[in-house]
Amino acid sequence: MIHNSTKFEGIPASSTVAIGKIKIYRHGAATKRGDRIVRKSNEESKRFKNATFMAKHQIKQLRKKVQKEFGEDNAKVFDAHLLILDDPSFISKVEDRIKNGEAAEHAVRAVLNEIVKEFTSIKSGYIRERVADLKDVGTRIINNLIGTNFSPINLDDKRVIVAKELFPSDTVMMPKDKILAFVTEKGGKTSHVSIIARTLGIPCVVGIEGISEMARDGDTIIVDGDTGTVILHPTQKEFSIYEDKVKRHLLHMKNLEKANHEPAITKDGRRIKVVANVGNAEEVDSALEAGAEGIGLLRTEFLFLGRKTPPTEDEIVDVLRDIGKRMIEKPVVVRTLDIGGDKPPSYIEFPKENNPFLGMRGIRFCLKSARKLFKTQLRAILKARKYCNVKIMFPMISTIKEVKETKKILREVAREIGVSDKELSKIELGIMIEIPSAALMSDQLAEEVDFFSIGTNDLTQYTLAADRTNENISELYDHLHPSVIRLIEHTVKSAHEKGKWVGICGELASVLDAIPLLVSIGIDELSVAYSKIPEVKSTIRKLSTKDARKLASKFRY
Amino acid sequence: MTQKAKVVVKNKVGLHARPAALFVQTARKYDSTIRVGKEGKFVDAKSILEVLSLGVECADTIEIIVDGPSEEEALYAIVNLINELKD
């Protein structure tokens, strides 16, 4: 029997196109059966407690698996499941029903339905979609009570998974290298299945009602995650058109991949280094994958915050060694501890300040109130030089006196651990230019250090005296304001006159429209969030210095 | 004595599952009774389901009421968490 080609329009939830055979996924008995046996209520309560205890264990295992296969961000959804299992309101509602004589499965299902109903009446689409998380946990508890499992899926070859609904617990059990695409009846762009699809880089279309009943295992399907079109039993013509689309996409991805790892050189041969801002050791791999040529800003606060005691020298060396293993010869600019009274670590006494952002923070804090800790960090960075191509950078510099004092401490520390002056001079030292006074005095500062990194976010706030998180005046915060651009220009000029290089690590570095301006000013390095690296590189490649100057002229400064 | 505070939720998607999870996890660290409310409707801050049901979105003002041991610390931790939420 020849099936007719049927086209559906759903919600595109994850881009690119896939063509393949279907595997239908159905949920097991837990959503349908009910338990007829009546037990005493304290026995039912015990069953419920056991089922949730088992569920917690299962979810913790799943979380580990997802973290390994799909990354920490996707694993976090299971934390919400664990919270639901411990939720005082959920537990008391189920226990109340059990006391009233209901069987555990019935009580769980009834409470779930109540909560689901409440959620679906909330305006926020995102929260409505989290109903899937609730159903997932509920199904798991009921499965444990009845003694069934989430249906495992066996795939010999790559398939497009078609289902009515897919919960986190469903997708986790699937062999990710055998999935071509997801198509579901329920769900939206922020459903877990959509997020997983985007993580895997495979197409996903949701909101196609009835498809899990219409399609059969083995049917051919085209899934267009860009437009939301799904074609069941495509004609030869439709098949050819889409096959072509798939081929072109694969070629495009391959070229992009290659390009990410090439240096960013303008049309007239000027190379701009593109590196990553990184806030913890885990981001390093993603940064390298995205094509980072180095780490332009390693924020080290993660070493110091979120713990009850300060880090030891060895702990810091270990982290840097680990980073060095992956970065190999690529430079890592380590910014020393940059914290203040707004977010103090628990083990340091911070004075009460009226204005922490104009107070004891950054280098000031390290020099005046945490010298021992500062020296520990410096010692660790120096020791790590054997394992990692480190450069050292000091935050929140406002005067040349601070730089001189810091360098003095660094020399002391070097001497303490037997690092000769010659060896020390091999390590590049830089400072953040984020305070207007430093930008204005950059000509003098350029004599003291090897490089500058402009923190445009703070520089803008301090220059325009505007808190970017204050809605009342947030329009004043403009990192393209002429005052800020003039300071950047002056900084670059001062540095280049003394033969030093300048990078930008603030958000301005990733504003694609501003890149011509920054290039024409003469910035040597752009340090950005790793996800922006490919775009930044491709923008640079499209420029010539002449174009850059023309485009820059539209910014009056 | 009770400690109270009002805070504006600034991150783009409001108090949805992941920030809500952080919120609830933080609340559960303290022995105090913690209630969180939006437009006069208050729920148990330790219940993820109740917190989600408030439907807190970006630019909403929520009120936090803490009552019990270490209430100042608890309040500070929660307010800080909301202000630190990133997009």
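Is A:Cys505 buried or exposed? A:Cys505 is buried, with a relative accessible area of 7%; buried means under 20% relative accessible area, exposed over 50%, and partly exposed in between, with a 1.4 Å probe and protein chains only.

This is a predicted model, so local features need pLDDT of at least 70 and side-chain atom pairs count only at pLDDT 80 or more, while totals for chains, interfaces and linings use all residues. Residues are numbered from 1 along each chain as its sequence is written, chains are lettered from A and ligands numbered from 1 in the order written, and side-chain values use heavy atoms, without hydrogens and water.

| Cysteine | Relative accessible area | Class |
|---|---|---|
| A:Cys505 | 7% | buried |
| B:Cys58 | 37% | partly exposed |

Over all chains, the disulfide count is zero, a disulfide being a pair of cysteine sulfur atoms within 2.5 Å.

Now to A:Asp170, found in helix 8 (residues 168-172) of chain A. Helices are DSSP runs of H or I with at least four residues, strands are runs of E with at least two, and both are numbered from the N terminus. A:Asp170 is buried without a salt bridge, and A:Arg140, the nearest side chain of opposite charge, is 7.5 Å away. A salt bridge needs a side-chain nitrogen of Lys or Arg within 4 Å of a carboxyl oxygen of Asp or Glu. A polar side-chain atom of A:Asp170 does lie 2.7 Å from the backbone nitrogen of A:Phe167.

In chain B, four strands make an open antiparallel sheet, ordered 1-4-2-3; strands pair if DSSP finds at least two bridges between them. Strand 1 pairs with strand 4 (residues 61-67) over seven bridges.

Terms used:
Lys, Arg positive; Asp, Glu negative; His and termini not counted. Polar contact = N/O pair within 3.5 Å; in protein donor to acceptor, adjacent residues only side chain to side chain.
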